[in-house]
Amino acid sequence: MNITRIFETAKDSRQRLAELPGESRLITDPKINPCIITVKPEARFQTVTGFGGAITESAGYVVSKLPPHVRQEAVDACFSARNGNNYTYARTHLNSCDFSLENWACVPQKDETLDSFSMERTDRYVTPLLKAAKIAANTSNDPDDANGAAGTKADRFRLMVTPWSPPAWMKDNDCMNGGGHLKPEYRRLWAQYFVRFLSELQKRGLRTGIVSIQNEPAAVQRWDSCIWSAEEEAEFAVRYLGPALRQSGFADTDILVWDHNRDLLWDRFAASMAVPGAADYIAGAAYHWYSGDQYDNVRKIAERFPDKQIVFSEGCIEGGPRDGAWFSGERYAHNIINDLSNGCTAWIDWNIVLDMNGGPNHAGNYCDAPILADIAAGTLHYQSSYYYIGHFSRFIRPGAVRLGAETTPYMVPAAVDGKLGNTIENCAFLNPDGSIVFIICNRTEADLPYELKIDGTADSARTLRCPPRAIQTLIIRR
């Protein structure tokens with residue numbers, strides 16, 4: 001086994017995505033061996049299309065208040081393959097969301113012609129950041145990236161658009177907040193509204209690759225929200241949105257349903273797919289992490305609908321910022337490893353940048369973000385979550401295939417109950433260039449010796465050490 005590069009982030013050190021010599025973590029005489037991990041290159045699963053983060057009005061506002069060089073640093077930190085986390089996805093909102101400065105819509109007053117459609121609010125803070133992100137994502141000198149500046153100049157940037165609520169006048173509660181429903185008589189017009197928004201983005205050089213029908217369609221929130229049943233989402237895709245996209249030159253824009261928590265992911269997707277015509281118009285499902293670890297629901301879709309996308313589209317640490325916290329990064333690693341290990345095809349974080357209060361947010365729903373910005377000081381605070389995400393997004397290339405990875409556990413002395421549990425988790429991928437990416441997260445309080453094997457490779461076994469409260473990414477050549 002040829003371990004060519006090791007990258008490591010560890011709590012009790014200054015190492016943050018630090019590159020180490022390939023042999024630096026090898027152990028020749030381990031005193032204990034808590035686990036054996038066997039990577040199985042012949043066991044191949046889903047193709048991963050990329051990683052990303054959300055560009056909301058709040059994120060755009062915060063970035064706009066920073067000095068120009070710090071503004072560029074924030075964009076590059078997320079979207080650059082050269083000196084950042086190599087994001088290729090961005091998610092943004094049609095009309096306002098909770099991470100907006102207030103409720104607003106592109107057509108705020110009743111206008112069934114859509115002649116008054118305005119991009120003024122989107123163009124104020126969102127569009128400039130989306131454009132900057134696209135430039136950063138497409139400016140790469142990474143020799144492993146065939147789509148960057150060293151390659152074919154293909155567009156690496158993929159945009160996802162999601163509404164939190166139609167305009168108030170289209171809803172039965174006459175309000176963008178508090179749930180409510182789209183009035184049936186406005187379904188066709190709402191589809192046209194989607195198309196108009198995508199068309200305006202395209203005029204600005206921003207092509208939309210994915211739309212989801214509704215953010216969190218089962219949640220009545222004190223902020224922008226709207227309720228849809230699984231059947232209603234599918235019928236809207238089949239009868240209105242899908243045909244409208246195809247007739248308007250957006251046939252390659254994929255439609256996702258659900259875009260809510262894992263707990264009902266399988267039930268909702270199965271119900272939507274049972275609607276006649278759904279298979280032709282619905283490209284997959286999007287989901288969030290706020291209900292907990294129901295990864296079996298991700299796996300069910302991957303197994304029963306292998307041709308559909310399964311996109312993790314939102315997750316964050318709720319309840320305000322956690323500047324300097326370490327658990328937040330470990331929570332990200334736990335979710336990313338398990339989502340990918342169960343069939344997720346793309347993984348998109350929530351706000352890429354927020355202020356030191358975890359906002360702004362017009363409903364007071366403050367959250368953490370991988371980068372917090374001190375606007376007054378003009379500085380960025382990189383959180384553990386930023387580095388932990390980078391251990392995946394920087395090294396798992398678009399087009400990578402997940403490999404089998406089997407863990408044989410033994411006693412783990414540094415775990416609370418002495419069991420492996422979710423304190424030691426890992427995953428492996430085959431990149432388009434033939435390299436294997438192996439990622440392991442150690443959430444225990446002690447060094448973790450582990451034996452790593454690759455099936456079908458001569459002299460494959462190596463015993464390595466992962467420090468306490470750390471994550472490692474190994475690049476392996478066979």
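**Close-up views of a predicted model**

**View 1. Cys-367 is buried, with a relative accessible area of 1%.** Buried means under 20% relative accessible area, exposed over 50% and partly exposed in between, with a 1.4 Å probe and protein chains only. This is a predicted model, in which local features need pLDDT of at least 70 and side-chain atom pairs count only at pLDDT 80 or more, while totals for chains, interfaces and linings use all residues. Residues are numbered from 1 along each chain as its sequence is written, and side-chain values use heavy atoms, leaving out hydrogens and water. The closest cysteine sulfur to that of Cys-367 belongs to Cys-316, 3.6 Å away, which is too far for a bond. A disulfide is a pair of cysteine sulfur atoms within 2.5 Å, and the count by this rule is 0 disulfides. Cys-97 is in no disulfide, and its nearest cysteine sulfur, in Cys-367, is 11 Å away. Cys-97 is also buried, with a relative accessible area of 0%.

**View 2. The largest nonpolar core has 119 residues.** Such a core is a set of buried Ala, Val, Leu, Ile, Met, Phe, Trp, Tyr and Cys residues joined through side-chain atoms within 4.5 Å. Phe-79, Tyr-193, Phe-392 and Ile-396 have the most contacts inside this core. Helix H4 (residues 187–203) gives the most to this core, with 9 residues; helices (H or I, at least four residues) and strands (E, at least two) are DSSP runs, numbered from the N terminus. At least three residues of the core come from each of domain 1 (2–46 + 401–477) and domain 2 (50–398), with bounds from an automatic or database domain assignment.

**View 3. Phe-79 and its contacts.** Leaving aside residues up to four places away in sequence, Phe-79 touches residues including Ile-55, Tyr-87, Phe-157 and Ile-352. Contact means heavy atoms within 4.5 Å. Alanines are also among them: Ala-90, Ala-133, Ala-136 and Ala-137.

**View 4. Helix H9 covers residues 327–341.** From its first C-alpha to its last, H9 reaches 21 Å, close to the 21 Å expected at 1.5 Å a residue; the expected span is 1.5 Å times one less than the number of residues. H9 is mostly covered, with 12 of its 15 residues buried. Among them are Tyr-332, His-334, Ile-336 and Leu-340. Just after H9, Gly-343 takes a positive phi of about 120 degrees.

**View 5. Residues 399–474 are 0% helix and 54% strand.** The end C-alpha atoms of this stretch are 18 Å apart.
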